[in-house]
Amino acid sequence: MDSIIIDQLTKKFGSFTAVDKVSLRIQKGEIFGLLGANGAGKTTLIKILTGLSGASSGKATVAGFDIHRHVEKVKMNIGYMSQKFSLYEDLTVRENIQLFGGIYGVSSDYIKTKTTLVLDQLGLQDSAKKLVKSLPLGWRQKLAFSVAIFHEPKIVFLDEPTSGVDPITRRQFWEMIYAAASQGITVLVTTHYMDEASYCDRIAIMNAGKMEALGSPGELKAAYQVDHIEDVFIHIVR
Amino acid sequence: MRTILYLIRKEFLQIFRHKIMLPALFIMPFVQLIILVHAADFEIKNIKIHIINHENQNWNVRLISQFMASEHFVVHQVSNSYTLAYQQLEKREVDLILEIPKDFEKNLLKSNKASVFIGANAIDGMKAGLTTFYTNSILRSFNKNIVLEQMKIANSRSTAGIQTKTVFWYNPEMEYAHFMVPGILVILVTAIGMFFTGINIVKEKEMGTIEQINVTPIRKYQFLIGKLAPFMLLALMELAIGLTLGKLMFDIPMEGSLWLIFGFSVIYLFTILGLGLLVSTFSNTQQQAMFISWFFLMIFVLMSGLFTSIDSMPAWAQKTTWFNPVAYFIDVNRKILLKGSEFADISGHFIKVGLIGLVVNFFAVLNYRKTSA
Amino acid sequence: MKKLISIIQKESLHIIRDWRTLMILVMMPIALVVIFGFAISNEIRNIKTIVIDPSRDVHSQELIRKMEASNYFKIVAYEDHIEAVEGMFKRGKAHVAIVFPLNFGQDLIKNNGQSIQVIADASEPNNASIISSYIEGIVQTYQADVLGKNPSLMSIIPEMRMLYNPGLKSVYLFVPGIITIILMLICALMTSLALTREKEFGNMELLLASPLNPAFVILGKVIPYVALSFIDLLLILVLGDIVFDVPVRGSLALLLGESLLYISTSLSLGIFISTVTSTQQAAMIFSMIALFLPTVLLSGFIFPIESMPVILQWVSHIIPAKWFIIIIKSVMLQGSSLDILWKETLIMGAMTVIFIMASIKKFKIRLE
């Protein structure tokens, strides 16, 4: 079964077309990477799929629900982490987890047990009462990811989750992504880093709103007869 | 419902995490009450007066001593030089010049009438007005005394005439604070309601946290209630603090029902919070939100009858108060606290403010979007 | 210098793009001048009055007519019983009731004496006492006219001269007052918010890490606000002159110079606030409590400082706006020159220096 089905999706801002007739299917449990230069339309596409922005034309279903007609049901089934850190900096780690757990309707008992679990996984047991503001960036990003999948969504959208993070933390972050995917959560992630692209099951490369290439990293390298995804990317963008 | 509770809890956690917040909540009413009540008490003492006097006749001395005895005046100097007096007025060393002209007593005795010249520095109109008011009342009582003396001399018949007796209802001691405190409480509550709501929502926009909220299945109404309810509670708490301080510090009367005041406050705050929300939908930065709120709040307050009475405004200006929730609340507060008005007396205000609130909130909700562009 | 200009350009763009704020910056002086000039005044007019006149004779009717003619009173009801008064007061339908006794005119002539009862709603005490003195005045004039008593009594007649403001016009006060408030608002409040905003977003570090002199960075950010406040200053002066004939009797150069000094004081205060606060919300609360309220209330703008308790009078000394109001009023209305105003000028100058030094000190501590 496909988690995300996108059909001829288009988004226009006046005369500028941010997303141009993109069609795509993403399977359940897949880690799908969305590559592209700044302004290629990755973030806009994610915003449409998460219901933050409306599409100009085209259709899409997320977790089996139409994004136009059943926005609230879509939202119930997804997690989202934006490129700008968007947890509450003036709340503590625990308070943030509780808040978002509560918003998604997770029961209080479950929030309690799972919070302990999450804190253990992150190694943040001692920092539970610290303000998020005081955490280093890497920790904050890992926390944001944990919060995004706290309510066990079917799909999680990650918009450049690792920008500005050191290589070790990035590594840990990807381990978390793998763990989530192994639980059956579909992951749609955008990134700048070409090495991260090769961690994905499949990738799509966007340029000027259009989807220019789609396939597994191996397939793409073979198709363009290059050794690195980076070269595929440069080839397309040129 | 549970979602809303989570949101309200979050809001309170954030509010009270600001170290400045709690003191601000308690100090603001205190400072405002002290300053406004005392500052706006229009009574001036120690007005500095320069008396120009040319002769030391009996009547001259009597007049001068009247000014010396008054609690409102301090005689800075008595001289016979107009130039000196004028210089002092220009340098603001004195506020008022009183000139007793030459032949003052002679005129008084001969023609029963004599003039004195009064020059006031009218740069500060309010002060000049009060100054001349005090001067006039000194002269009036002086005149009265002369008349009484003359009548004793003439042993004339009774001069009863028409007496006017005034009774002052609701505030027989004419306490200015009793008039100001109810109005100041409104300003307090309004400031909290309007500023904090607007700015709070805009802050989430600025920081990007609103995006994380918008991607969750929270309904619009849940989010709005979660935002507005904490500030409603905060403002009501502020009102309670203000009323308590008003009672303790100024012993303001509480003739009517406090429940009625809080009941009206809820409807009023519904309106004001809606305004804050409306402002937030129009602003992208906290600076903007604050500035816009400030602008409207200032106009509302100036046109509310807090300092100057609405009845004295020109007709067009009076009409603008129909749309001014601040004016209604000040009026309601004064009526309930001082006059003991009951629901039936002010039911019209309830309906009007409620209507304004519905309109404002309608537009605010209409304008508030969970999705961008 | 070039760098400075580029920062100024950046901040100006910020302000110009923000059309909402810009619009309010232009609207605010206009709105304030209109409100103070046309809408509100300290005069009391059209007091809603109830008349209870059981006698309805020539004298009572004539007195009522005189009151109506005075424009102070607007008769909203004729009632038969005094019981009606309370209800109308509570609903706010009337603020004063004039109660004539039965056989008012008859007794007046026969017994040569009579009394009128006035019931005033003293929940507004100032108004109540003024109303009662209006009534007394009207009654006494009437008495003198009708009964023609004692024309030959001795009396002293005051001849009033209102120097510098013969019409006792309140706009003469409000125009300088509005200038004072708006300059403070733009320069202190807006700049403190603009600077804290940069801090909140971490842009400040970015600018400070650049090879620019920190003083330049801050200067560049505040200069556009100086320009804005000057525009507002001129706007108010022109409006005051055209619409209300508010004069500038002293030297315009002195007025602008003193304004510039006051702007510097406000700016340095705004900068100081931004060095002690870390979020915009905190800066705003701080500005409101420490800056805006005292400026409006304790500067002598609305309330005479002399009427305040001694402690508040002391407090008013440390409020820059108080000194500027004295200066601007003297220059505009009295035509004073610097030889009279040197003391106030010096005080404002000293305040500016103190705020700047305090800011630099705070700033250095943070950088270390």
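Author: Here is a walk through the chains, their contacts and a few elements. The model is predicted, so to speak of local features a pLDDT of at least 70 is needed, side-chain atom pairs count only at pLDDT 80 or more, and totals for chains, interfaces and linings use all residues. Residues are numbered from 1 along each chain as its sequence is written, while chains are lettered from A and ligands numbered from 1 in the order in which they are written.

Reader: What makes the size of chain A agree with a compact globule?

Author: The radius of gyration is taken over C-alpha atoms, and the globule rule is 2.2 Å times the number of residues to the power 0.38. For 238 residues a compact globule would have a value near 18 Å, and chain A has 18 Å, which agrees. Its C-alpha atoms fill a box of roughly 50 × 40 × 35 Å along the principal axes.

Reader: What does the rule give for chain B?

Author: A compact globule of 373 residues would have a radius of gyration near 21 Å, but chain B has 29 Å. The box filled by the C-alpha atoms of chain B is roughly 95 × 45 × 40 Å, taken along the principal axes.

Reader: How many helices and strands does chain A have, and how many does chain B have?

Author: Helices (H or I, at least four residues) and strands (E, at least two) are DSSP runs, numbered from the N terminus. Chain A has nine helices and 10 strands, and chain B has 14 helices and five strands.

Reader: Why is Ile50(C) called buried?

Author: A residue is buried if 20 or more other C-beta atoms lie within 10 Å of its own, exposed if 12 or fewer, and partly exposed in between, with C-beta atoms placed from the backbone. Ile50(C) has 22 C-beta neighbours inside 10 Å, so it counts as buried. This residue sits in strand β1 (residues 47–52) of chain C.

Reader: Which residues is Ile50(C) in contact with, leaving aside neighbours within four places in sequence?

Author: Two residues are in contact if their C-beta atoms, placed from the backbone, lie within 7 Å. For Ile50(C), the partners include Val76(C), Val85(C), Met88(C) and Ala97(C).

Reader: What makes you say that strand β3 of chain A is largely enclosed?

Author: Six of the six residues of β3(A) (residues 31–36) are buried, so the rest of the structure largely encloses this strand. Ile31(A), Gly33(A) and Leu35(A) point one way, Phe32(A), Leu34(A) and Gly36(A) point the other way, and all are buried. In a regular strand the side chains alternate between the two faces of the sheet.

Reader: How do you know which strands pair with β3(A)?

Author: Two strands pair if DSSP finds at least two bridges between them. β3(A) has five bridges to strand β8 (residues 186–191) of chain A, in the parallel sense, with Leu188(A) as the bridge partner of Phe32(A). β3(A) also has five bridges, again parallel, to strand β9 (residues 202–207) of chain A, where Ile205(A) stands opposite Leu35(A).

Reader: Why are β2 and β5 of chain A said to stand at the edges?

Author: The open sheet of four strands runs β2-β1-β4-β5 in chain A, with antiparallel pairing. β2 (16–27) and β5 (65–66) each have a single partner strand, so one side of each is left without a neighbour in the sheet. Strand β4 (residues 57–62) of chain A pairs with β5(A) over two bridges, and Asp66(A) in β5(A) is the bridge partner of Thr61(A).

Reader: Which pair of chains has the most contacts?

Author: Among the two pairs that touch, chains B and C have the most contacts. There, 94 residues of chain C are in contact with 94 residues of chain B. The contact between chains A and B takes 23 residues from chain A and 19 from chain B. No contact joins chain A and chain C, whose closest C-alpha atoms lie 11 Å apart.
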